[in-house]
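Thanks for coming. Please have the structure open.

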Amino acid sequence: MSRRPARASDTQPTGGAAAESAGSTGRILTVPNLISFTRLLGVPLFLYLFLVTHADVAALVVLAVGGLSDWVDGYVARRLRQVSRLGELLDPVADRLYILATLVALTVRDVVPWQFTVALLARDAVMTINIAVLRRYGYRPPPVHYLGKTATFVLLAAFPTLLLADASAGAATVAGAIGWALALWGLALYWLAGGLYVIQAGRLIGAARASRAEVA
């Protein structure tokens, strides 16, 4: 892991450092945050187009734009130096919602089998428990690891490709092969990243228990 999660009780910078930190991380109306908000609005739009109106082509476009913007908002934030605490929270939330909504929708329409859906949701369940245990010991959720970000990007590329394979008979063979290669690769990376988070949490919890034992 790149960094350990901060304790909830960690002290904040003081003086000029505090002011600089507040200016760089407390902003709300930034370009990358607006991109993230737009991504969030794309989730119900995709579900409506795909499940209600069965406008598969339009749903495919929304899904593809949503997946691409996952990379764009981070790039813009770094490029414009507009990294914010809200953006750090919005980005993974948007990622999870896109993956969850797309996964459920594709499963309902029989584009992906339920076994694949269960495998992805089980990983998220493990992460939910992992974060809950970390909070119990006074730690915040771990920062997003590059491996987890890569897994998310691969999955967000796999889903529109699988949707294309289902919507277009002419592209079904090629798009299906590429889509499932990406989906299985993304699933493996997703679980690998989850395993790294669990290992990190285990080390932190072990250190916390040892510290408590020394105090006692």
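Start at Phe50. Leaving out residues up to four places away in sequence, Phe50 touches Asp56, Ala59, Ala105, Leu106, Arg109, Val111 and Leu163, where contact means heavy atoms within 4.5 Å.

Before going on, the conditions. This is a predicted model, so local features need pLDDT of at least 70 and side-chain atom pairs count only at pLDDT 80 or more, while totals for chains, interfaces and linings use all residues. Residues are numbered from 1 along each chain as its sequence is written, and side-chain values use heavy atoms, with hydrogens and water left out.

Phe50 belongs to the largest nonpolar core, which has 34 residues; Phe46, Phe50, Phe116, Leu120, Phe159 and Leu163 touch the most other members. A nonpolar core here is a set of buried Ala, Val, Leu, Ile, Met, Phe, Trp, Tyr and Cys residues joined through side-chain atoms within 4.5 Å. Buried is under 20% relative accessible area, exposed is over 50%, and partly exposed is in between, with a 1.4 Å probe and protein chains only.

Which helices supply at least two residues each of this core? They are α2 (31–52), α3 (56–79), α4 (85–108), α5 (114–136), α6 (146–167) and α7 (172–215). Helices are DSSP runs of H or I, at least four residues, numbered from the N terminus. Helix α6 gives the most, nine residues. Apart from this core lies another, of seven residues, among them Tyr137, Tyr139, Ile205 and Ala208.

Now the charged pairs. There are four salt bridges, a salt bridge being a side-chain nitrogen of Lys or Arg within 4 Å of a carboxyl oxygen of Asp or Glu. Two of the Phe50 contacts, Asp56 and Arg109, form one of them, with the closest N and O atoms 2.9 Å apart. Asp56 is in helix α3 and Arg109 in the loop between α4 and α5, so this pair ties together parts that are 53 residues apart in sequence. Asp56 is buried at 14% relative accessible area, and Arg109 is partly exposed at 21%.

Another salt bridge joins Lys149 and Asp95, at 3.0 Å between the closest N and O atoms. Lys149 is in helix α6 and Asp95 in helix α4, 54 residues apart. Is Asp95 buried or exposed? Asp95 counts as buried because its relative accessibility is 2%, whereas Lys149 is partly exposed at 24%. Arg39 is linked with Asp95 and Lys149 in a network of salt bridges.

That is where I stop.
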